[in-house]
Amino acid sequence: MKARVKWIDGAAMLGESASGHGVVMDGPPELGGRNVGVRPMEMLLLGMGGCTQFDVLLILRKARQEVTDCVVELEAERAESDPKVFTRIHAHFIVTGKGLDPTRVEHAIRLSAEKYCSASIMLGASATVTHDFEVREA
C-alpha cells in the first residue's frame, strides 16, 4: 500500500491514496492551520471507525442480518505529553435493521475487534480499545 501527502501551505496538506482518492488535512489555527481539513490524528480515529464498521457490516451480511443503518460513534483520549498517542478509544455501534439478532451483532463486533480490524488492533498496541453497541429496529 502506498500513499502520498503533499504540503499545500501553512499547516494544510493533501493526502492522496494509491486508489486515487484525496483528503485535506490541516493543523489547528494556533499552530498555523486554517481549519480547512481534519487533523491527522482525527484521520487515524476515523480510519479505525471505518475499518471496524466495514468488518461488522460484512460479517452481518454474511450472517444474513438485514442491516439498514450503522453508525460508529468514537471517543478517544490522548496522552498529556509527547508523543500524544491515543491512550483510550471507545467505539459505540448503533446498528439498525429488521429483526436483527443482538447476539450476532455482538459477535460481529468482537470478531472485528479481535481478528479482522487492522486499525483497531494496531491502535490497541498503545490504547485501551473498548466497544459497545445498541440495536435498533428499522
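Let me begin with surface patches, which are made of residues with over 30% relative accessible area and no salt bridge, where like charges are joined within 9 Å and nonpolar side chains (Val, Leu, Ile, Met, Phe, Trp, Tyr) within 5 Å. The accessible areas behind this come from the Shrake-Rupley method with a 1.4 Å probe, and for residues only the protein chains shown count as cover. What we have here is a predicted model, in which local features need pLDDT of at least 70 and side-chain atom pairs count only at pLDDT 80 or more, while totals for chains, interfaces and linings use all residues. Residues are numbered from 1 along each chain as its sequence is written, and side-chain values use heavy atoms, with hydrogens and water left out.

In this model, Ile8, Val24 and Val36 make a nonpolar surface patch of about 220 Å². Of these residues, Ile8 lies in strand E1, where strands (E, at least two residues) and helices (H or I, at least four) are DSSP runs numbered from the N terminus. Ile8 is partly exposed at 43% relative accessibility, and that class sits between buried, under 20% relative accessible area, and exposed, over 50%, with a 1.4 Å probe and protein chains only.

Now to the charged side chains. The structure holds 7 salt bridges, each being a side-chain nitrogen of Lys or Arg within 4 Å of a carboxyl oxygen of Asp or Glu.

Glu16 is partly exposed at 31%, and Arg4 is partly exposed at 48%.

Which residue forms a salt bridge with Asp9? The partner is Arg34, and the closest N and O atoms are 3.1 Å apart. Arg34 sits in the loop between strand E3 (22–25) and helix H1 (40–62), and Asp9 in strand E1, so the pair ties together parts that are 25 residues apart in sequence. Arg34 counts as exposed, at 53% relative accessibility, whereas Asp9 is partly exposed at 34%.

Finally, Glu77 forms a salt bridge with Arg88, again with closest N and O atoms 3.1 Å apart. Since Glu77 lies in strand E4 (residues 66–78) and Arg88 in strand E5 (residues 86–98), the pair ties together parts that are 11 residues apart in sequence. Glu77 and Arg88 are also linked with Glu75 in a network of salt bridges.
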